[in-house]
Amino acid sequence: MTTGIDKPDVEGLVEQRRWSDLKAALVEWPEPEIADLIVQRDSPDRLFLFRLLTRDVAGEVFSYLDSEAQNSLLNALNDEETRGLLAALEPDDRTHLFEDLPDRVVQRLLNLLDPTDLRAARLLLSYPDESIGRLMTPEYVAIRPNWTIEQALRHIRIMGRDREVVTKIYVTDTHWKFLDALDLPSLILADPDDPVERIMEHEAVTLSPHDDREEAVRAMGKYDTFVLPVVGSDGVLIGIVTADDVLDVAEEEATEDFHLSAAVEPLKVSYRDVSILSLYRKRIPWLLALVVVNLGAAGVIAAYEETLAALISLTFFIPLLMGSGGNAGAQSAMLVVRALATGDVDRSRWMPTLIKEIVVGAALGATMAVAAWMLGLFQSGAQVAAVVAVAMFAIVLVSNLIGVIVPLLLTRVGIDPAVASSPLITSVADIAGLAIYFAIASWVLESAVLG
């Protein structure tokens, strides 16, 4: 995106402390660009830059800042400036801000709100964490079914000026019970004398304020819409969820899943702002836990010391078999975790997924077994080749099932399936793989001796 003045020019004005010229220059800049400029400056410059903005622009820019920059500004602004900033924020952005602050600070900020904003803030904060109720905004435009189209459009012109979205208009009765959602073009193109109910189709999709916020992500993707109404248990329209908030949720959830899949406790702030100590604390519990899990693999090897001593060439194939099993398990776990997140896999109907992965795992195992048999034949002879081939088939099949079953079980007990991370699946698959490999080797050796 290009603007009337380049970024280097603006940064030059900041360096030269030409605040009047900078204020005029920033008028032509989009809010996300101004937010980036503020984040890149030190605390004193951040405050000067922010105070150059008009109240409405300041509210928009503030909503684009990360938590660290927001907290820095809140600590620097006086009560009057903070009151104006909070009033300029959209209700959902204000709730998101409060979620990241200590209770003591939230109470101070709530005391600065006017009665109307205070009621809206308390309503949104009353819903559970990570629910749609925390995500919605109560600011929408509603019309009545018995109004004429002309009356409805007149109402939209008056009420729509201060609303976040006016391209979707909601129809409610006199008790604010939700009836339908209409596209603004359908109202504009309708006969002005027709009643609103004539163009209603009663096909709108709604959300509950108590639904998990991921449900809003799925619903918007499924129904290809950018805004959805939120309806209470009594049928009353209490707010709307918009695409900008849902995109933020989708990004946060994807980032959290990435962190969990690498056995890292999710970061609450950006990597740029997180401290070294915090990174250490997020990672060390998982690493220590995986050490405990991996002791199982050491225990299996210790239990089969005699088998290894009798046929030392078995050790050559341990990395190959363990790596193959771990990779197969990580693949299936990744596919299932993502399918659960997107709704491609029904959480209550897991049997078709299990059957599908049994077939896939068997096919993968058979192919890998042929390759392992050829390597074993070349390296150590027919007897070891047979052991390695059978073990490869069994290990890949079992590891593939572990990658499927663990996320499904976690989902059933209400735990995020992303916890079934690649390191965890690999460690569990290693233990199972070693047990399978040595059990098969022991049986073959005993059969050879008895034979």
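The backbone oxygen of I395 lies 2.8 Å from a polar atom in the side chain of S399. S399 belongs to helix α20, which covers residues 382-412. The model is a predicted one. Its chain has 451 residues, and 45% of them are buried. The chain contains 21 helices and five strands.

**The surroundings of S399**

- S399 is buried, because its relative accessible area is 1%, and the cut-off for buried is under 20%.
- Leaving aside residues up to four places away in sequence, S399 touches G325, G329, S332 and A429.
- The polar contact of the S399 side chain is with the backbone oxygen of I395, at 2.8 Å.

**The chain as a whole**

- Of the contacts in the chain with a separation of 6 or more, 66% are between residues 24 or more positions apart.
- The accessible surface of the chain is about 23,800 Å².
- Carbon and sulfur atoms account for 58% of that accessible surface.

- F316, L320, L375 and F378 make a nonpolar surface patch of about 410 Å².
- One of these residues, F378, lies in helix α19, which spans residues 351-380.
- F378 has a relative accessible area of 71%, so this residue counts as exposed, the cut-off for exposed being over 50%.

**Salt bridges**

- Side chains of opposite charge can pair when their charged atoms come close.
- The count of salt bridges in the model is nine.
- One of them joins R94 and D117, whose closest N and O atoms are 3.7 Å apart. This pair links distant parts of the chain: R94 is in helix α8 (residues 91-99) and D117 is in helix α10 (residues 115-125), 23 residues apart.
- R94 counts as buried because its relative accessibility is 2%. D117 is buried as well, with a relative accessible area of 15%.
- D129 and R134 also meet through their side chains in a salt bridge, at 3.0 Å from N to O.
- D129 is exposed, at 60% relative accessibility, whereas R134 is buried, at 13%.
- A further salt bridge is formed by D194 and R198, with the closest N and O atoms 3.1 Å apart.
- In that pair D194 is buried, with a relative accessible area of 17%, and R198 is exposed, with a relative accessible area of 58%.

**Residues with a positive phi**

- Most residues other than glycine have a negative phi.
- E130 is not a glycine, yet has a positive phi of about 60°.
- The place of E130 is the loop between α10 and α11 (132-135). At 37% relative accessibility, E130 is partly exposed.
- W176, again not a glycine, has a positive phi of about 65°.
- W176 sits in the loop between β2 (168-172) and β3 (178-183). Its relative accessible area of 38% makes W176 partly exposed.

**Aromatic rings**

- The model has four aromatic pairs.
- In one of them, the rings of Y140 and Y170 have centres 6.2 Å apart and planes at 85°, so the pair is edge-to-face. The cut-off for edge-to-face is over 60 degrees between the planes.
- This pair also links distant parts of the chain: Y140 is in the loop between α11 and β1 (142-143), and Y170 is in strand β2, 30 residues apart.
- Y140 counts as buried because its relative accessibility is 12%. Y170 is buried too, with a relative accessible area of 1%.
- Y140 and Y170 form one aromatic cluster together with W176 and F178. W176 in this cluster is the residue with a positive phi of about 65°.

Note on methods
Residues numbered from 1 in each chain as written. Predicted model: local features only at pLDDT ≥ 70, side-chain atom pairs only at ≥ 80, totals over all residues. Heavy atoms only, no water. Patch = residues over 30% accessible without salt bridge, like charges linked within 9 Å, V, L, I, M, F, W, Y side chains within 5 Å. Areas by Shrake-Rupley, 256 points an atom, 1.4 Å probe, with all protein chains shown as cover. Salt bridge = Lys/Arg side-chain N within 4 Å of Asp/Glu carboxyl O. Helix = DSSP H or I, 4+ residues; strand = E, 2+ residues; numbered from the N terminus. Buried < 20%, exposed > 50% of the residue type's maximum accessible area, 1.4 Å probe, protein only. Polar contact = N/O pair within 3.5 Å; in protein donor to acceptor, adjacent residues only side chain to side chain. Contact = heavy atoms within 4.5 Å. Phe/Tyr/Trp six-rings, centres within 6.5 Å; stacked < 30°, edge-to-face > 60°.
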